[in-house]
Amino acid sequence: MTTKSETKSSIEVANAQQQVAVAEKKTSALSSPTTAQNDKFVQNGDDQKVRDLPQREATIPMGECNNAEYIEINEVVSSSRANNDRKLSLLPLVFLIFYEVSGGPFGVEDTVQAAGPLLALVGFLVFPIIWSVPEALITAELGTMFPENSGYVVWVSSALGPYWGFQQGWVKWLSGVIDNALYPVLFLDYLKSGVPALGGGLPRVIAVIGITVVLTYMNYRGLTIVGWVAVLLGILSILPFVVMGLISIPKLRPTRWLVMDVHSVDWNLYLNTLFWNLNYWDSISTLVGEVHNPKKTLPKALFYAVILVVLSYFFPLLVGTGAVPLERDLWTDGYFSDIAKILGGVWLRWWIQGAAALSNMGTFVAEMSSDSFQLLGMAERGMLPEFFAKRSRHGTPLVGILLSASGVLLLSWMSFQEIVAAENFLYCFGMILEFIAFVRLRIKFPNASRPFKIPGGTIGAILLCMPPTILVCVVLAFSTVKVMIISLAAIAIGLVMQPCLKHIEKKKWLKFSISPDLPDIHRDNGTLLH
């Protein structure tokens, strides 16, 4: 039973909250006469509905009344913002981006098998300019414009409406889970040359489950731990390739880098491998709400990460193709460990295999963090049931982590090439929505606050999106019929799922709510007001 003192405390808290709301309203009226009218715009697709409110209130689900809830003094407040001591700083953020995108040269070997040394080397210099740099710039602008965990979901929602925002969240989460299923496969592919039993059968199944469980637990323990673990794993993953490069200097033959046979190029494998190794720059946007001072930290981290990723691919390929006679058929997953044995002996081979294991661990935890926090961000925006927004005592999204881990286990039976192709198709669909949203936000909200803004105006935004859009179309065109059918079926599930969830919300079978910790987004003469 509530005591009189507790009731009194509750009333005092309520009064204080009302006074703050009134003060905010007065301040808003002084700063902007238009805002003083306090018209609240609620977006439903492309329509805007105006509601006159007596005071500024927390965002509520459309069609619901806002019954104020007063919190007792001794009640713990659940917040979507992590405490300052859990916020990510610059260095951990750089390595989380590094692992979201790359994790090192493990998995680039197929480019040499598909196209030979010259095209492989040129690809990892040209593709970053066509794809990685534009995607990183867009992520920097929109990530600082919307510094919250829903990331690219809120970008698309603000530009195209909540229906397409949900579709963006669905295909991005699904492609992320498919991508994460790849890393236990890569991990075991590197170890099977030293431990043949891991090549298949029950030992491989047990190993996949064990790896997934251990790394999932690491995600559960907290994002700060994941960030600094990523720094450590990144250094340990890159170091053996530096040593291999120094050992290879006397054996380098520059003419080997120029080998190319256009008629024997497997363009499907070549493009899919390049695309897979150089995408996912936007994944970090679903962690922006956990970053310390994201408006300054995010652009810097993306800049340093682009340099780190390109060097981590190009340098090992330069060593591997220049120091060892070319046998294209051998260039497949795990071949860098064989090159290490040729150049330095068994000890270097084991070091590379250990680095591959650490790299895949780092990539796994970074990707799972992004996927799970994305679900949390969607729940905070009212797109998913409220239980997705529940955090563990470590501040991590427990439901999102468990769901992402389950998806990894279900998909880990697929081969490397199948996983890459299916993931790329879904990712391309999401990127098309992202490019459209980027340009539309420039047109729709030209005066919105953009702490980091790409120069060139709307025309510059369109020109920036053209090369990666063409690349997306090429990758989709080279997809196999099997991959296309599976991917389109997955997209169709999302198209149906969103109306089903809205029906569930309407029937009140599950609770949906928009977090009051998120900023209200208004429209005022083409300006987003947070």
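Is Lys508 buried or exposed? Select Lys508 to begin: this residue is exposed, with a relative accessible area of 62%, where buried means under 20% relative accessible area, exposed over 50%, and partly exposed in between, computed with a 1.4 Å probe on protein chains only. The place of Lys508 is in the loop between α18 (481-507) and β3 (522-524), with helices (H or I, at least four residues) and strands (E, at least two) taken as DSSP runs and numbered from the N terminus. Its phi is near 60°, a positive value in a residue other than glycine.

Before moving on, keep in mind that this is a predicted model, in which local features need pLDDT of at least 70 and side-chain atom pairs count only at pLDDT 80 or more, while totals for chains, interfaces and linings use all residues. Residues are numbered from 1 along each chain as its sequence is written, and side-chain values use heavy atoms, with hydrogens and water left out.

**The whole chain**

Among contacts (heavy atoms within 4.5 Å) between residues at least 6 apart in sequence, 83% join residues at least 24 apart.

**Helices α5 and α11**

Two packed helices are described by the angle between their axes and the distance between the axes. Select residues 117-145, helix α5, together with residues 267-277, helix α11: they pack at an angle of about 50°, with their axes 10 Å apart. That angle makes α5 oblique to α11, since angles under 35 degrees count as roughly parallel, over 145 as roughly antiparallel, 65 to 115 as roughly perpendicular and the rest as oblique. The axes are lines fitted to C-alpha atoms, for helices over the stretch in contact, and the angles run from 0 to 180 degrees between N-to-C directions. The crossing of α5 and α11 is right-handed; a crossing has this hand if the near helix is turned clockwise from the far one by less than a right angle, and is left-handed if anticlockwise.

Now display the side chains at this contact, where Leu119, Ala120, Gly123, Phe124, Phe127 and Trp131 of α5 meet Trp267, Tyr270, Leu271, Leu274, Phe275 and Asn277 of α11. By class, the contact has 10 nonpolar, 2 polar and no charged residues, with Ala, Val, Leu, Ile, Met, Phe, Trp, Tyr, Cys and Pro counted as nonpolar, Asp, Glu, Lys and Arg as charged, and the others, Gly among them, as polar.

**Helices α10 and α12**

Next select α10 and α12, which pack at an angle of about 35° with their axes 10 Å apart, and whose crossing is left-handed. From α10, Ile238, Phe241, Val242, Met244, Gly245 and Ser248 meet Leu308, Phe315, Pro316, Val319 and Ala323 of α12, a contact that divides into 9 nonpolar, 2 polar and no charged residues.

**Salt bridges**

Side chains of opposite charge can pair when their charged atoms come close. The structure holds 8 salt bridges, each being a side-chain nitrogen of Lys or Arg within 4 Å of a carboxyl oxygen of Asp or Glu.

Select Arg450 and Glu141, which form a salt bridge whose closest N and O atoms are 3.1 Å apart. Arg450 lies in the loop between α16 (416-444) and α17 (457-477) and Glu141 in helix α5, so the pair ties together parts that are 309 residues apart in sequence.

Move to Arg381 and Glu148, whose side chains meet in a salt bridge at 2.7 Å, N to O. Arg381 is buried, with a relative accessible area of 18%, and Glu148 is buried at 3%.

Then select Asp282 and Lys172, whose salt bridge is 2.4 Å from N to O; Asp282 and Lys172 are buried.

**Loop positions**

Select Val259, in the loop between α10 (223-248) and α11, which is partly exposed, with a relative accessible area of 36%. Val259 and Gly116 are 143 residues apart in sequence, yet 6.3 Å apart in space, C-alpha to C-alpha.

Finish at Asn293, in the loop between α11 and α12, which has a positive phi of about 50° although it is not a glycine.
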